[in-house]
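Please keep your viewer open and follow the selections in the order given below. Each stop says what to select and then what is to be found there.

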Amino acid sequence: MKLLSGQRAWLLQRITAVYVGVYVVLALGFFVLAAPPDHAAWQAVMGHPVVGLVTAVFVLLLWLHAWIGLRDVVMDYVHAPGARLVVFVLGGGGLLLTGLWAFFILIRAGLA
Amino acid sequence: MEFSIYRFNPETDTLPKMQRFTLTDDQIEPGMMLLDALLLLKEQDDSLGFRRSCQHGVCGSDGMNINGVNGLACITPLADLEAPVTLRPFPGMPVIRDLIVDMDNFWDQYRRAEPWLVNDSPEPEVERKQSPQDRDQLDGLYECILCGCCSAACPSYWWNPDKFLGPAALLQAARFIQDSRDEATDHRLAELDDAWKLYRCHTIMNCTQVCPKGLNPSRAISDIRRTMLKKSL
């Protein structure tokens, strides 16, 4: 899988880490300093187009970061081809589902 | 002084065992190295197997796991070791006998790094010259004696010895990538740009910690990545 191999994967993991790191710090700061008091307020924050876009990029980059990390762990420790396939399918499928779920939540917040 | 040494002879043993040896105080001299002690122990039991040659930290033959850390027996002062001194073969490498390991894969990976100068330009009359600054770039790279301490301390090499080149081979790759006389830099970098040969390194720096020559394979690997990045931008 040359698309996410070697230098490209290594670089992507670091770039995504920067974005994810900055997002997490800002999000934590927001939770601590100005946490929305109720569900409606939460929905209003997440439904804001800028917040929605920034969070959607976060989810996408977090997914990429996690996939490369999962792939690295599997390459290091899981050597049997069958077991490797199972972990890739289950882990990748799990990541894909949680990513889609997060996008679904964002879209619903945006439409609300 | 007590020693606990890994023993395994595939011709007679089904499982390895640790054997106790003892050197009396009068046998231990000031400034004695571990290899000197091993040579005395071999007089007690001549079936004890280990490699050694130059006895001065140059040939890299007597690499082994000494009290849990890879090192060269010939330059490890006995006085620095806590007793009982536990000696095992290099971890992650097949054992041939006792402290002797099969390093064929290590040498295969070394060859894959193409550790020779590639320069197809017409040969000058005397020599291919370098500026002092370019020559300085090779410091910390050319001194490797290929003892294997670093690769045998690297978990990435333990898990994928056939695919990951390992720190020793990558140090050599860096040595030729840095060499201003070498004309195969692009080829070398392209060869390393896959998921296995270089990028299995997770920079845990065991290699740097154990190198008996004080080299820094971890930094060499980072330099390769940096050079690769600069070339691709």
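Predicted model: local features only at pLDDT ≥ 70, side-chain atom pairs only at ≥ 80, totals over all residues.

In which sense do strand β1 (residues 2–7) of chain B and β2(B) pair, and over how many bridges? For chain B the mean pLDDT is 96, and 100% of its residues reach 70 or more. The answer is that β1(B) and β2(B) run in the antiparallel sense and are joined over six bridges. Within this pair, pick Ile5(B), whose bridge partner in β2(B) is Gln19(B).

**The sheet of chain B**

Now widen the selection to the open sheet, which has five strands in the order β2-β1-β5-β3-β4 of chain B, with mixed pairing. The edges are taken by β2 (17–22) and β4 (69–72) of chain B, each of which has a single partner strand, so one side of each is left without a neighbour in the sheet. From one strand to the next, the twist averages 35°. As a reminder while you look, strands of a sheet pair through backbone hydrogen bonds, either parallel or antiparallel.

Next, select strand β3 (residues 63–66) of chain B and show its side chains. In a regular strand the side chains alternate between the two faces of the sheet. Here Gly63(B) and Asn65(B) point one way, while Met64(B) and Ile66(B) point the other way, and all of these are buried.

With β4(B), β3(B) pairs in the antiparallel sense over four bridges, and Gly63(B) stands opposite Leu72(B) of β4(B). The hairpin of β3(B) and β4(B) has two residues between the strands, and in it Asn67(B) takes a positive phi near 50°. With strand β5 (residues 85–88) of chain B, β3(B) again pairs in the antiparallel sense, over two bridges, and the bridge partner of Ile66(B) in β5(B) is Leu87(B).

**A loop residue of chain B**

Move to Pro115(B), which lies in the loop between α2 (104–112) and α3 (132–136) of chain B. Is Pro115(B) buried, exposed or partly exposed? It counts as partly exposed, because 15 C-beta neighbours lie inside 10 Å. Leaving aside its neighbours within four places in sequence, Pro115(B) is in contact with Tyr110(B), Gln172(B) and Phe176(B).

**A helix of chain A**

Turn to chain A and select α3(A), the helix that covers residues 49–77. At 1.5 Å a residue, its 29 residues should span 42 Å, and the end C-alpha atoms are 41 Å apart, which agrees. Which residues of α3(A) are buried? They are Thr55(A), Phe58(A), Leu62(A), Leu64(A), Trp67(A), Ile68(A) and Arg71(A), and what covers them includes α1, α2 (39–47) and α4 (81–111) of chain A.

**Where the chains touch**

Finally, show both chains and select the contact between them, which takes nine residues from chain A and 11 residues from chain B. On the side of chain A that touches chain B, α1 (6–34) and α3 (49–77) of chain A each supply at least two residues, and α1(A) gives the most, with five residues. Coloured by class, this side of chain A shows five nonpolar, three polar and one charged residues.

Notes: Residues numbered from 1 in each chain as written. Chains lettered and ligands numbered in written order. pLDDT = per-residue confidence, 0-100. Contact = placed C-beta atoms within 7 Å. Nonpolar A, V, L, I, M, F, W, Y, C, P; charged D, E, K, R; others polar. Expected span 1.5 Å × (residues − 1). Buried ≥ 20, exposed ≤ 12 C-beta atoms within 10 Å, placed from the backbone. Pairing = 2+ DSSP bridges. Axes fitted to C-alpha atoms, helices over the stretch in contact; angles between N-to-C directions.
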